[in-house]
Amino acid sequence: VLLTAPENTAVNVGKMIAEAGSIGIFAGTIKHSGLISANSAVVGENGKIMLKAKKDITLAAGSRTEASGPQGGSITIQSESGTTSIAGVVEANGTQGKGGTIAVAALQGVTVEPSARIAANGTEGGNVTLTSSAGSVTVAAPVTADASVGRAGDVAVSAAATAALDSTGRLSASG
């Protein structure tokens with residue numbers, strides 16, 4: 001599934017589903033309040049989601065962005081010159097294997113709102129990175145890369161200005 005609006009706003013209020021496939025949204029600005037799903041039911045078929053905007057990306061409360069399955073897939077959320085705000089659920093969980101990879105990057109700042117949840121959990125933990133090369137990263141919700149049986153995953157937060165963990169935020173990479 002591919003949705004492009006290079007200079008304009010791409011808005012998803014419905015469902016974008018590509019079982020074990022790839023979903024890409026490329027736009028000037030992205031506003032997501034529905035479901036983006038590249039989940040898999042088959043081992044070895046991991047879904048991929050790419051949200052890339054020139055300006056701002058907003059994942060509203062109640063939205064779901066998921067690439068889960070027997071092994072977690074990959075989710076990339078990237079703002080080239082703006083901010084990224086996540087208030088919904090972003091998951092790349094593995095039910096029988098390693099958690100997936102979630103990478104969130106925005107030049108001017110990344111905010112994980114209290115209503116959000118970011119998870120790359122599995123039998124072995126996955127990887128979550130939150131990065132802003134010119135702004136701040138604020139986490140006010142759970143961000144996890146936990147393992148139920150094996151090695152813990154990785155959670156990395158990197159900010160040029162300030163990296164802040166709000167009182168409602170939690171970073172976890174246990175195993």
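A: The accessible surface of the chain in this predicted model comes to about 7500 Å², of which 50% belongs to carbon and sulfur atoms; such areas come from the Shrake-Rupley method with a 1.4 Å probe, and for residues only the protein chains shown count as cover. Residues are numbered from 1 along each chain as its sequence is written, and side-chain values use heavy atoms, with hydrogens and water left out. Because the model is predicted, local features need pLDDT of at least 70 and side-chain atom pairs pLDDT 80 or more, whereas totals for chains, interfaces and linings use all residues.

Of the 175 residues, 47% count as buried, meaning under 20% relative accessible area, with exposed set at over 50% and partly exposed in between. The chain has 19 strands and 0 helices, where strands are DSSP runs of E with at least two residues and helices are runs of H or I with at least four, numbered from the N terminus.

The part to examine is strand 14, residues 127-132, whose covered face carries V128, L130 and S132, while N127, T129 and T131 lie on the uncovered one. In a regular strand the side chains alternate between the two faces of the sheet. Strand 14 pairs in the parallel sense with strand 11 (residues 101-106) over 5 bridges, pairing being counted when DSSP finds at least two bridges. Strand 14 is also joined by 6 bridges to strand 17 (residues 154-159), again in parallel. L130, on the covered face, stands opposite V104 and also opposite V157 in strand 17.

Notes: Buried means under 20% relative accessible area, exposed over 50%, partly exposed in between (1.4 Å probe, protein chains only).
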